[in-house]
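Have a go at each task before reading its solution.

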Amino acid sequence: MSSTSNEKVKIFDSVFKTMCEKTPKLLIPVINEIFKTDYNEKELVTLANNEHIKLNLKPIDTDSCIRIRDKYYHIECQSNPDGEMVIRMLEYDFFIALEKNRQLKDKDVIEFPQSAVLYLRNTSRTPNHLNVTVRFADGFEYPYRVPVVKVKEYSLQKILEKKLMFFAPYYIMRYENSSREMPLKPEEKRQIHEDYHKILETVRTLSSYEQEALLKLIGAVLDSYKSLDKDVKEDVMNMGVAILEFEHDKIYEEGKEEGRERGRKEGREEGREEGKFEAAYNLEELGYNEETVCDMLRLDLNGYKEYKEKNNLNEDLQMDRSVNKHI
């Protein structure tokens with residue numbers, strides 16, 4: 001596997017884990033889809049421990065383990081089909097079950113979680129389930145079976161109908177060529193624009209925090225394709241800013257309101273510009289550079305730089321970018 005491919009895998013994995021940690025409620029429709037449950041979007045989703053210690057004291061990390069009501073769900077994300085995945089799943093589930101057992105009053109029961117694998121890519125030979133037989137010393141055999149979710153086989157219509165916004169960051173992957181790169185034709189670019197417009201309209205129904213997190217993660221996956229034209233990402237991200245209702249929109253409105261109040265005493269123009277500066281800063285936190293945000297909001301670049309310097313905001317931005325550089 002090339003270094004570029006390895007970097008992509010790390011990004012895909014990081015995006016998955018970030019969604020599980022920051023927007024766990026987006027897993028509810030995925031769990032309903034896989035396990036035919038009927039949880040509602042207001043269910044309490046609790047993140048369980050994802051780090052376990054083997055008998056040799058080496059750590060073992062799972063991608064996600066969550067609890068809804070009294071049930072545990074374990075989902076792994078894989079970029080490509082893996083012949084050894086079923087053995088790893090069995091190992092992961094065993095350690096999850098042991099940890100759960102420590103929390104139970106009935107220590108005579110070891111209960112495995114409900115588990116599944118999300119394959120971001122698949123072939124015609126990728127099975128619908130991973131299977132292995134566990135044979136005990138007394139001859140008893142148990143068929144261990146894990147459902148497989150083939151993300152690329154979900155049409156846009158199905159994703160939207162089932163509200164599978166957890167799949168949204170990976171949607172662009174269906175445009176990969178055989179080399180897993182993305183030299184797009186003009187008609188494909190138009191289709192991507194139409195598809196992401198529909199996706200973002202559905203994302204808009206989520207909370208402001210979830211909207212902001214998803215757009216950032218969509219951008220991270222787009223960035224992982226070095227052969228993807230920059231105008232495609234810019235188009236998608238600009239649509240996101242136009243369609244979605246971010247927290248910075250509220251701050252912008254609050255800034256304008258504060259500006260109006262200040263304007264009665266100090267002049268309306270100064271207050272209006274202060275509100276725009278606050279909105280610009282929040283756009284920078286999303287990953288846009290200062291030239292772009294000033295152009296979008298029709299701000300004076302030097303004035304915006306002075307605003308950030310005056311309010312000590314440059315250090316905050318640098319810290320945010322340092323934390324999120326792998327996402």
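**Exercise 1.** Work out whether lysine 305 is buried or exposed, or something in between, and find its salt-bridge partner.

*Solution.* Step one: lysine 305 has a relative accessible area of 36%. Buried means under 20%, exposed over 50%, and partly exposed in between (1.4 Å probe, protein chains only). Lysine 305 is therefore partly exposed.

Step two: a salt bridge needs a side-chain nitrogen of Lys or Arg within 4 Å of a carboxyl oxygen of Asp or Glu. Lysine 305 forms one with glutamate 290, with 3.8 Å between the closest N and O atoms. Glutamate 290 lies in helix α10 (residues 290-297) and lysine 305 in helix α11 (residues 301-310), 15 residues apart. Helices here are DSSP runs (H or I, at least four residues), and strands are too (E, at least two), numbered from the N terminus.

Step three: with a relative accessible area of 17%, glutamate 290 is buried.

A note on the model: it is predicted, so local features need pLDDT of at least 70 and side-chain atom pairs count only at pLDDT 80 or more, while totals for chains, interfaces and linings use all residues. Residues are numbered from 1 along each chain as its sequence is written, and side-chain values use heavy atoms, leaving out hydrogens and water.

**Exercise 2.** Describe the salt bridge between aspartate 13 and lysine 17.

*Solution.* Step one: their side chains meet at 3.4 Å, N to O. Step two: both residues lie in helix α1 (residues 3-22), four residues apart, about one turn of the helix. Step three: aspartate 13 is partly exposed at 24%, and lysine 17 is partly exposed at 26%.
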